[in-house]
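Please read the following account with the model open beside the text. The paragraphs move from the chain as a whole to individual residues and their partners.

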Amino acid sequence: MSTPPLQIPFRLRLYAFLDPNDGMSAGERLFNALLALLIVSNVTVTILSTVPGVYEVYGPSIRAFDLSCAFVFGLEYAARLYVTPLRPGYEDGWRGMLRYALTPLPLIDLLVIASLLLPGSAALASLRGLRLLKLLSLLKLGRYSDSLQLIGRVVRRRAGELFTTVLIVVVLVFIAASLLYQVESSAGTKGFESIPQALWWSVVTLTTTGYGDVYPMTPLGKAAAGMIMLFGVGMVALPAGMIASGFAEELSRLRMEEEAIREEATRETRGHFCPHCGERLP
């Protein structure tokens with residue numbers, strides 16, 4: 001008498017279907033593609049609905065589409081909460097679900113669902129664009145997933161240096177604003193009446209945007225601004241250089257790993273054949 005096949009629990013099958021880290025079946029690819037299409041369509045409709053006259057004409061249709069999106073996104077959100085106990089690091093029960101619900105992507109999902117269910121709120125409607133961040137968990141097809149994982153590894157490896165550099169840039173912004181305030185406020189220069197107002201000039205200048213709406217008028221202020229610009233260009237460019245070097249190191253490491261795997265596979269293949277007669281060894 002044959003043994004009946006093991007029945008896979010529904011929660012485990014659902015987790016395997018939603019988990020972005022395992023291999024994808026045709027059904028998973030179709031689900032992800034349809035969900036991505038719905039996300040982009042929802043954001044597109046949100047943008048078009050701000051055009052004058054569009055909502056007045058297509059308001060009921062837009063509202064029906066919003067509710068349909070809220071239903072689909074709500075089902076997906078509930079399913080991801082349901083499989084939380086199977087996620088590594090999350091305990092069973094409502095505590096694990098609550099901890100998962102407070103992570104960034106589930107919070108974004110919840111905000112977007114709320115924006116779709118509550119009509120007539122421009123503040124909430126603007127949150128629908130955050131749903132595009134969910135595409136990051138769906139872009140796992142082919143080389144795109146490798147690229148996203150590479151970006152994440154580089155940022156994690158360089159997190160300490162990046163944080164230090166950003167902190168230095170923030171301090172530099174406040175120093176520049178304080179210095180120009182001290183120099184230009186006594187001369188009555190517009191835009192430097194207070195340090196918070198001078199912060200606008202400082203940020204625009206140090207990021208090399210240079211709108212030109214606020215600028216120093218006194219000779220001392222211009223000299224100080226020139227020094228700040230020269231110093232700021234190098235400081236703001238530091239994070240880009242760190243990330244670029246991190247990419248180079250990570251790509252070099254990946255190439256070395258691939259070469260090691262190929263060499264190992266070649267050695268194993270050669271080891272199964274006799275070097276003299278070429279016959280396969282047992």
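What follows takes up the overall make-up of the chain, then the annotated regions, and then selected side-chain pairs and contacts.

This is a predicted model, in which local features need pLDDT of at least 70 and side-chain atom pairs count only at pLDDT 80 or more, whereas totals for chains, interfaces and linings use all residues. Residues are numbered from 1 along each chain as its sequence is written, and side-chain values use heavy atoms, with hydrogens and water left out.

The chain holds 11 helices and zero strands, where helices (H or I, at least four residues) and strands (E, at least two) are DSSP runs numbered from the N terminus. Read from the N terminus on, the order of elements is therefore α-α-α-α-α-α-α-α-α-α-α. Of the 282 residues in the chain, 30% are buried, a term that stands for under 20% relative accessible area, with exposed meaning over 50% and partly exposed the range in between (1.4 Å probe, protein chains only). The chain exposes about 18,200 Å², and carbon and sulfur atoms supply 69% of that area; such areas come from the Shrake-Rupley method with a 1.4 Å probe, and for residues only the protein chains shown count as cover. If one takes the contacts (heavy atoms within 4.5 Å) between residues at least 6 apart in sequence, 61% of them join residues at least 24 apart.

An unreviewed UniProt entry carries the annotation "transmembrane region" for residues 30-52, 103-127, 162-181 and 223-248; the positions are given in the numbering used here, feature names are shortened, and annotations may be inferred rather than shown by experiment. In the model, residues 30-52 are 83% helix and 0% strand, with the end C-alpha atoms 35 Å apart. For residues 162-181 the figures are 100% helix and 0% strand, and the end C-alpha atoms are 29 Å apart.

Turning to side chains, rings of Phe, Tyr and Trp (its six-membered ring) pair if their centres lie within 6.5 Å, and planes under 30 degrees apart count as stacked, over 60 as edge-to-face and the rest as tilted. By this rule there are four aromatic pairs. One of them joins Y90 and Y100, whose ring centres are 5.8 Å apart and whose planes stand at 85°, so the pair is edge-to-face. Because Y90 lies in the loop between α3 (54-82) and α4 (94-101) while Y100 lies in helix α4, the pair ties together parts that are 10 residues apart in sequence. Y100 has a relative accessibility of 11% and so counts as buried.

A charge also sits over a ring, which requires NZ of Lys or CZ of Arg within 6 Å of the ring centre and within 35 degrees of the ring normal: R11 lies over the face of Y82, at 4.2 Å from the ring centre.

Which residue forms a salt bridge with E76? A salt bridge is a side-chain nitrogen of Lys or Arg within 4 Å of a carboxyl oxygen of Asp or Glu, and the count by this rule is one. The partner of E76 is R80, with the closest N and O atoms 3.0 Å apart. Both E76 and R80 lie in helix α3, four residues apart, or about one turn of the helix. E76 is buried at a relative accessible area of 5%, and R80 is buried at 8%.

Helix α11 (residues 219-271) contains M235, which is buried with a relative accessible area of 12%. Leaving aside neighbours within four places in sequence, M235 is in contact with T165, I168, V169 and L172. The C-alpha atoms of M235 and I168 are separated by 8.0 Å, although these residues are 67 apart along the chain.

L254 also lies in helix α11, but at 25% relative accessibility L254 counts as partly exposed. With neighbours within four places again set aside, L254 is in contact with L150 and R153, and the C-alpha atoms of L254 and L150, 104 residues apart along the chain, are separated by 9.7 Å.
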